[in-house]
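Biologist: I would like to go through this model term by term. For each label, please set the value against its cut-off.

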Amino acid sequence: MDPPADVQLQPGTANTADPSGAPVSEAVVRANLELAGVPSERIRLYRGFSGDPDIRRAVSDRPYGTVIVDGDHFAEGVRADLEWVEEIVAPGGLVVVDDYGDRTWPGVKEAADEYLAGGTAFELMGVASTSAFLRRR
Ligand SMILES: C[S@@+](CC[C@H](N)C(=O)[O-])C[C@H]1O[C@@H](n2cnc3c(N)ncnc32)[C@H](O)[C@@H]1O
């Protein structure tokens, strides 16, 4: 899910063009996934924010083996995403938290560490560069 709005939306910041120069659009998402071997007919793209109850309802129709969290980079948003993702990821499933430890986005690590220290079904498997890999018990 993403509100592909030509630029990267990051509430609370100046919304800037993607550093790659490519527009943030559904056509680019589909083309990139096709290049990665995912045919267009297998893609469900929900346009909107992860906090939108309608989007959540639509996406929550199945458990997921892998979820990549790479949307709102502020602590409050990351916390909310992790709480929700815990409900939709299958036992044994993997959650990748992008930009974990990235100095530009301190809220990502702050929220993930805090979340992991609480009573959660996630365990931290490891960190590679600025991606944290969590597994749902
Ligand atoms: C850092 S980009 C990553 C996009 C993609 N994962 C990639 O690596 O190309 C973050 C994207 O999340 C979107 N976004 C920001 N907050 C969001 C939210 N709460 N829910 C869904 N998407 C969000 C932005 O518009 C932007 O396209």
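**Labels and their cut-offs**

Modeller: Ala-75, Val-78, Arg-79, Leu-82, Glu-83 and Glu-86 of H3 meet Gly-107, Val-108, Glu-110, Ala-111, Ala-112, Glu-114 and Tyr-115 of H4. Contact here means heavy atoms within 4.5 Å. By class, seven of the residues in this contact are nonpolar, one is polar and five are charged. Nonpolar covers Ala, Val, Leu, Ile, Met, Phe, Trp, Tyr, Cys and Pro; charged covers Asp, Glu, Lys and Arg; the others, Gly among them, are polar.

Biologist: What kind of model is this, and which pLDDT limits apply?

Modeller: It is a predicted model, in which local features need pLDDT of at least 70 and side-chain atom pairs count only at pLDDT 80 or more, while totals for chains, interfaces and linings use all residues. Residues are numbered from 1 along each chain as its sequence is written, and side-chain values use heavy atoms, with hydrogens and water left out.

Biologist: What makes a stretch a helix or a strand?

Modeller: Both are DSSP runs numbered from the N terminus: helices are H or I over at least four residues, strands are E over at least two.

Biologist: How do you know that the span of helix H3 agrees with its number of residues?

Modeller: The expected span is 1.5 Å times one less than the number of residues. For the 14 residues of H3 (75-88) that gives 20 Å, and the end C-alpha atoms are 20 Å apart, so the two agree.

Biologist: Why are H3 and H4 called oblique to each other?

Modeller: Their packing angle is about 45 degrees, and their axes are 8 Å apart. Axes are lines fitted to C-alpha atoms, for helices over the stretch in contact, and angles run from 0 to 180 degrees between N-to-C directions. Under 35 degrees is roughly parallel, over 145 roughly antiparallel, 65 to 115 roughly perpendicular, and the rest oblique. The pair is therefore oblique.

Biologist: Is the crossing of H3 and H4 left-handed or right-handed?

Modeller: H3 passes H4 in a right-handed crossing.

Biologist: Why does Gly-107 count as buried?

Modeller: Buried means under 20% relative accessible area, exposed over 50%, and partly exposed in between (1.4 Å probe, protein chains only). Gly-107 has 10% relative accessibility, so it counts as buried. Gly-107 belongs to helix H4 and, neighbours within four places in sequence aside, contacts His-73 and Ala-75. Its C-alpha atom is 9.3 Å from that of Arg-79, 28 residues away along the chain.

Biologist: Which residues of H3 are buried, and what covers them?

Modeller: Ala-75, Gly-77, Val-78, Asp-81, Leu-82, Trp-84, Val-85, Glu-86 and Ile-88 are the buried ones. Their cover includes helices H2 (53-59) and H4 (106-117), together with strands S1 (64-69), S2 (89-98), S3 (122-128) and S4 (131-136).

Biologist: What makes Pro-63 exposed?

Modeller: Pro-63 has a relative accessible area of 60%, over the limit, and is therefore exposed. Pro-63 lies in the loop between H2 and S1. Beyond its neighbours within four places in sequence, Pro-63 contacts Ile-88 and Ala-90.

Biologist: How do you know that Ser-129 is exposed?

Modeller: At 72% relative accessibility, Ser-129 counts as exposed. Ser-129 is in the loop between S3 and S4, and has a positive phi of about 55 degrees although it is not a glycine.

Terms used: A crossing is left-handed if the near helix is turned anticlockwise from the far one by less than a right angle, and right-handed if clockwise.
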